[in-house]
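Colleague: Can you walk me through this one? I'd like to start with the annotated site and then move on to the helices.

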Amino acid sequence: MELVKFIVVGLGLTAKYTLAALLTDPRHLPQTQWDYIVVGAGTAGCVVANRLSENPKVKILVIEAGVQNTGPDASAIEVPFLVAEASSGTTFDWNYTTTPQAALNNRTTAYPRGFVLGGSSSTNYMAFTRGSSEEYNRLASISGDSGWSWRKIFPYALKNEKHVASADNHKTTGEYNPSVHGNGPLLTSLPGTSTDIDNRVLETTKELHSEFPFNLDMNAGNPLGVGWLQSTIGNSVRSSSATAYLSPALANRSNINLLTNTRVTRLIKTNNLSSRFPTFLGVEFAQTASGPRFTATAREEVILSAGSIGTPQILMLSGIGDQTKLSKLGIKTAVNLPDVGMNMQDHPFFALQWSVNSTKTFDSIVNNATAFSDAFAQYEATGQGIFANNAIANHIGFFRLAESSGILKQFGDPTAGPHSPHYEFAFINGFYGTTQTEPTTGNYFSAAVILVSPTSRGSVTLASDSPFDHPLIDPALLATSFDQQVVVEAVEALQRFISASPWKGYIKAPYGGSANATTRDGILEYARNSVISIRHPMGTAAMSQTRARAGVVDAHLLVKGVEGVRIVDASVIPGIAAHPQAAVYIIAERAADLIKAAR
Ligand SMILES: Cc1cc2nc3c(=O)[nH]c(=O)nc-3n(C[C@H](O)[C@H](O)[C@H](O)COP(=O)(O)OP(=O)(O)OC[C@H]3O[C@@H](n4cnc5c(N)ncnc54)[C@H](O)[C@@H]3O)c2cc1C
């Protein structure tokens, strides 16, 4: 949307805290030995750092490669409507690119990850979806630990999140279920402004009830159906792991030291004669590729929370990974763990657009500098209006293929169960395109299609032995025939949705390439040309049963065959048919208790 171009004034909304110890230069660290070292102050890392620092006796060092979440540019990561602006091409992003994707006509695509306190929770699209209860029960079965089951994990969901009033303070009865929300630090809310399409979406759930039912609250364990989007927004600004967990800990506790702008380059083996496995309680870090290396050690544990790309990269640079691949790069293998970086699950995503008979879409604001500044001024003055709203959608929906579907007969069902979706829609009150050039005139309706139960699996591998080189990221988007067939089914379902009477007279015509998405071949070709990742990599250090040869961590998230290292981030999730941040928070909350119990 390129919205930041219009913004000339800083917002003054940036998070403020008095820091326990916030350092940007490793030479100023007061000590080299800590109880815990947390690598990555991202979504999970901030949760772990906060919870461990509840014990004033432990000393924690958090090392973050990226920048602070404050400063003159921070409006890009705070203002809800600018949600799509915070990632690719900014200083808050790692600015990764994928390898050429064979099923996408060999296109490469941007692959955003947060390079900032809060990690990707500071730059993501803020959709808050826990996924189905079946997903967690499957995780319990995969790991052999009932502690991950929905029943046991749900208290951690409540501990993580608190539902607060929407920016417009509207009455939210019938839009969510208060009984499944808790009193945690992360703030979530329903849309902060109504849009012209809200009623059309809701009326469609009535007219086509059996295929597209209304779901009061997707976060209650069954996400199927269309519901009001819950976003990580509170008090008209983004709520992230940095604002919810890190800032309060830094403001109130002196036992956390945070070092930013510094990259962990590898884990270091430390002597431990009593362990049968190599022990890695040392961490090496640096600020530039050729700059000095610094080290620190942990008495208790190193917690890797560098995310689905950073975590496997650090493991491989430390000699923990597939021996054959490591030796090709001249890296000595300390632990042969072939699944490091493998089994990556990501969710392909694209959108279709239609021109509409309305001027009340956000196109009228983003394509008009005066309207844009007026709306922004309203937001600055009151915290209200379109800028207080998540631009992504007011409604999303999760759906399954029909049980009689030939695709399920041919390939089997990869979902966690009958309440777990194959695909998702997001209904957008304006033009949204993944690869399409944005029109500068006209008004549009867009619908995003997201494949949430793909069978394709990608990988993260090292490009070189330098920690400052980006790894090779291959999300394998649409790589399997199953995935390709499901996106075709999904677009056909979407076309049924917009054929309902609430859209008659509103939708005028398909825009651009969407007009070709009418036959099965046309839909697939459109997808090949427009699919990108919705930025949900998972599974690159996946959880499995302790004795299983496959996988990277055991049920307590300890790296297999290694002593002293635990992984807490999205990389341990084998896959989930949801926007994953809620699961990352929930897993991190339980992980903190596992770490405390192990002390
Ligand atoms: C653009 C975008 C949109 C998204 N939209 C949504 C959404 O709407 N809803 C949703 O649920 N999910 C969404 N996601 C996904 C979700 O945000 C992530 O799954 C989740 O935040 C991952 O958490 P994490 O802790 O695993 O990693 P991160 O939050 O990415 O944290 C990893 C941290 O480690 C740091 N790091 C990495 N390597 C090193 C190193 N070597 N040394 C030191 N630090 C390091 C990183 O800089 C980062 O701060 C989106 C993600 C992106 C990027």
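Modeller: The UniProt record, an unreviewed entry, lists His536 and His579 under "active site". Its positions are given in the numbering used here, feature names are shortened, and annotations may be inferred rather than shown by experiment.

Colleague: What is the largest C-alpha distance there?

Modeller: It is 7.0 Å, so the two cluster in space although they are spread over 44 residues of sequence. This is a predicted model: local features need pLDDT of at least 70, side-chain atom pairs count only at pLDDT 80 or more, and totals for chains, interfaces and linings use all residues. Residues are numbered from 1 along each chain as its sequence is written.

Colleague: Where is the place of His536?

Modeller: His536 is in the loop between β24 (532-533) and β25 (565-567). Helices (H or I, at least four residues) and strands (E, at least two) are DSSP runs, numbered from the N terminus.

Colleague: Switching to helices. At what angle do α1 and α14 pack?

Modeller: About 30 degrees, for α1 (residues 43-52) and α14 (residues 581-598), with axes 9 Å apart. Axes are lines fitted to C-alpha atoms, for helices over the stretch in contact, and angles run from 0 to 180 degrees between N-to-C directions. The α1 and α14 contact has 10 nonpolar, 2 polar and 2 charged residues.

Colleague: And how do α4 and α14 cross?

Modeller: At roughly 105 degrees, with the axes of α4 (residues 150-160) and α14 coming within 9 Å. α4 and α14 are therefore roughly perpendicular (65 to 115 degrees).

Colleague: Which residues of α4 make the contact?

Modeller: Ile153, Tyr156, Ala157, Lys159 and Asn160, against Tyr585, Ile586, Glu589 and Arg590 of α14. Contact means C-beta atoms, placed from the backbone, within 7 Å.

Note on methods: Ala, Val, Leu, Ile, Met, Phe, Trp, Tyr, Cys and Pro count as nonpolar, Asp, Glu, Lys and Arg as charged, and the others, Gly among them, as polar. Angles under 35 degrees count as roughly parallel, over 145 as roughly antiparallel, 65 to 115 as roughly perpendicular and the rest as oblique. Two residues are in contact if their C-beta atoms, placed from the backbone, lie within 7 Å.
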